[in-house]
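Trainee: I would like to learn how to read a fold. Where do we begin?

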Amino acid sequence: MLHVLLPLPLSLAAASPPPPHIVVVGGGWAGYTAAEALSADPACKVTLLEASPRAAGGLAGGWRTPGGRPVEAGIHGFWREYKNTFKVIDDIGLDADEVLGPFTPSALVSKNGPVAVAPVLATAEASTTAATTPDALLELLRRASMPGADPLKQIADLLPAPLDTALLAEFSERSPLSLLDRASGVGLLACWADFRQEDADSWARYDDVSAETLFKDYGGVTDPLYDELVAPLLHVLPMGPGYDISAAAALSCFHVFALQSRGAFDVRWCRGGITERIFRPWQERLEARGNVVLRGGARVSGIAPAGAVDGAAAVDGAAATATGGGGLLVQVLGDETPLACDAIVLAVGATSAARLCESSPLLASLPATQRFGELRGVTCVAVRVYLQPAPRTTGLLGGSHASTLLPPAVAAAMRASPVTVCGPEIGGMAELSEAGFCVYDLQRMHDEHAAGDLAVLEVDFYRAERIADVDDDHAVARLALEAAAAALGVPAATLDPSLIVDVAVVRARRAVSHFALGSAALSPGLRLGEGVYACGDWVDRTGHASWSTEKAVVTGRQAAAAVGRSLGLRAVDAQVIPAAEDTPQLAVLRKISAALRAAAPTGTALPPPAPWAALLKAVSSQR
Ligand SMILES: Cc1cc2nc3c(=O)[nH]c(=O)nc-3n(C[C@H](O)[C@H](O)[C@H](O)COP(=O)(O)OP(=O)(O)OC[C@H]3O[C@@H](n4cnc5c(N)ncnc54)[C@H](O)[C@@H]3O)c2cc1C
């Protein structure tokens with residue numbers, strides 16, 4: 001028996017295979033989610049590599065200036081249907097109500113002035129009364145006929161979103177929209193019902209048509225409705241003008257942010273910087289697991305098959321052992337030795353993925369990446385301006401805090417909400433001809449600023465190449481104040497540059513996925529090739545109906561699940577909460593549209609235009 005008690009010979013001990021090693025490239029929502037899901041299985045090792053030395057969180061990340069003031073690459077909202085994102089926040093062990101403010105209305109402004117305030121729809125009371133089931137529909141019909149019922153609200157409860165939003169929104173007295181303009185949006189229902197988020201054929205049909213053509217030529221949306229409502233939303237959601245956004249992206253985006261359920265347009269905002277509030281505790285939670293390494297300042301410069309990188313013989317051998325010969329090597333800029341791994345999850349944005357392909361023959365050779373060079377990105381510029389305080393204005397609505405030190409005229413213009421969503425061409429400023437933007441009163445949104453003694457205005461510009469090219473931060477801040485004053489309808493002198501105390505400008509060049517015409521055809525699936533996976537808001541467009549942060553989280557989990565399957569990992573935590581089911585009204589519309597499509601000749605592209613579309617076009621061209 002003695003020999004059984006002897007330690008194993010060294011050569012035998014070394015033969016037991018090391019745990020599978022997965023490298024996640026990119027430390028935004030997608031990368032952290034993938035790392036979280038994979039490392040739930042203690043049988044694997046995960047290394048997350050993030051290029052930025054400053055902050056975790058990717059595009060949602062933030063840091064502090066040398067003077068200690070917080071700055072971010074834009075303010076990020078969390079919409080009601082971000083169920084997977086909210087679950088992440090829960091899983092980290094955070095109380096969502098401490099991290100995020102309440103659902104907040106948004107004021108909408110077009111080049112013609114204030115348009116409307118979009119209400120928070122799914123209040124506890126509304127969500128119990130909305131017609132989300134056939135029984136609820138009957139109950140609503142009964143209540144609508146009762147004396148004293150608010151007719152507008154009762155009708156709105158019967159309508160599918162976002163027609164209810166259009167009805168319940170408080171339209172400005174100055175808005176040029178007539179009731180007929182508002183009603184013209186009904187013409188879009190045929191396309192909305194015809195477009196299926198998870199159907200590749202649907203995406204293909206609508207991918208080469210522009211959003212402008214969809215809304216005007218098919219939907220029969222009047223010019224005023226397009227200018228007042230559609231254009232501002234296109235400029236801040238998919239972040240571009242209608243001619244340069246695909247109809248598929250517009251339908252999917254509007255479906256996710258407005259149409260899919262009652263209150264889908266309701267949004268809440270972080271009560272501070274997302275890195276400090278969410279990513280820092282998340283990082284601590286991941287590191288405490290013991291099988292995750294998170295490295296900042298680690299830019300991946302190349303990916304190669306094992307054996308392909310000079311001088312990597314040692315790691316090459318390790319990878320080959322771990323994978324039975326299918327190892328991969330990841331080169332970090334400045335590192336002497338590449339990292340060996342069994343699988344790679346690319347959680348970088350679309351344009352970064354294209355750059356990595358250029359420097360990695362392995363990636364460049366994959367069929368899935370052949371058109372990555374055509375992927376485009378939208379440039380954003382986030383401007384945070386600290387201003388000398390005015391006397392405090394109190395009693396303001398929406399947001400986490402009810403008072404501000406912004407000049408009283410600005411406070412009054414933003415009374416209904418600390419968030420103003422602005423379309424293009426505001427104030428006739430050349431820099432804004434194609435840029436949309438949002439104005440935020442951060443004292444009403446962020447706890448730290450609420451307690452501070454300066455007014456804090458944030459202006460985030462989207463599709464802002466011209467502004468990004470202005471090198472002088474103070475010039476950009478002056479432009480931001482001018483744009484905010486024009487949007488809020490206050491004299492420029494109210495936000496005079498002499499009030500500026502401090503400025504932080506973040507230029508995110510070509511950083512946000514651009515859903516241009518044909519972009520769905522460029523979007524890859526989750527698996528790019530042997531051992532190489534991708535996740536992010538630009539990946540798998542025909543999958544789960546989600547956008548932006550939520551899409552990054554969902555695809556992060558899906559990529560982790562795919563890696564887990566291929567490496568035989570059993571405890572990967574990659575469950576995805578499905579998107580909302582169609583409301584009963586939308587389900588009926590979809591049935592009708594499916595029947596019409598089945599009866600239409602094969603190859604029919606889009607449903608016939610709204611009957612009034614041709615008439616509107618003729619009138620519009622005569623003008
Ligand atoms: C101004 C602005 C406002 C926005 N507003 C909202 C909003 O209100 N709501 C919302 O849901 N979304 C919003 N978004 C979009 C949202 O930020 C993105 O959808 C989300 O951040 C995508 O996450 P991601 O992890 O896929 O990619 P990213 O956040 O882009 O993260 C990718 C990471 O990869 C890193 N990386 C790139 N190349 C390499 C490399 N070679 N090696 C190592 N690391 C690399 C980058 O540094 C980055 O940190 C906004 C974006 C901007 C810019």
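Predicted model: local features only at pLDDT ≥ 70, side-chain atom pairs only at ≥ 80, totals over all residues.

Trainee: Which residue in E13 is the bridge partner of leucine 329?

Mentor: Alanine 340 is the partner.

Trainee: In what order do the strands of this open sheet run?

Mentor: The order is E11-E12-E13, three strands with antiparallel pairing. E11 (300–305) and E13 (339–341) each have a single partner strand, so they stand at the edges and one side of each lacks a neighbour in the sheet. On average, neighbouring strands here are turned by 25° against each other, direction ignored.

Trainee: Now the helices. At what angle do H12 and H15 pack?

Mentor: Take the angle together with the axis distance. H12 (residues 200–207) packs on H15 (residues 247–259) at about 125°, and the axes are 6 Å apart. Angles of 65 to 115 degrees count as roughly perpendicular and those over 145 as roughly antiparallel. The pair is therefore oblique.

Trainee: Which residues meet there?

Mentor: From H12, Trp203, Tyr206 and Asp207. From H15, Ala247, Ala248, Ala249, Leu251 and Ser252. By class, this contact has six nonpolar residues, one polar and one charged.

Trainee: And the whole chain: how many helices and strands?

Mentor: The protein chain has 27 helices and 21 strands. Of its 623 residues, 55% are buried. The accessible surface is about 25700 Å², with 57% belonging to carbon and sulfur atoms.

Trainee: What share of contacts joins residues at least 24 apart?

Mentor: Among contacts between residues at least 6 apart in sequence, the share is 72%.

Terms used
Residues numbered from 1 in each chain as written. Heavy atoms only, no water. Pairing = 2+ DSSP bridges. Helix = DSSP H or I, 4+ residues; strand = E, 2+ residues; numbered from the N terminus. Axes fitted to C-alpha atoms, helices over the stretch in contact; angles between N-to-C directions. Parallel < 35°, antiparallel > 145°, perpendicular 65-115°, else oblique. Contact = heavy atoms within 4.5 Å. Nonpolar A, V, L, I, M, F, W, Y, C, P; charged D, E, K, R; others polar. Buried < 20%, exposed > 50% of the residue type's maximum accessible area, 1.4 Å probe, protein only. Areas by Shrake-Rupley, 256 points an atom, 1.4 Å probe, with all protein chains shown as cover.
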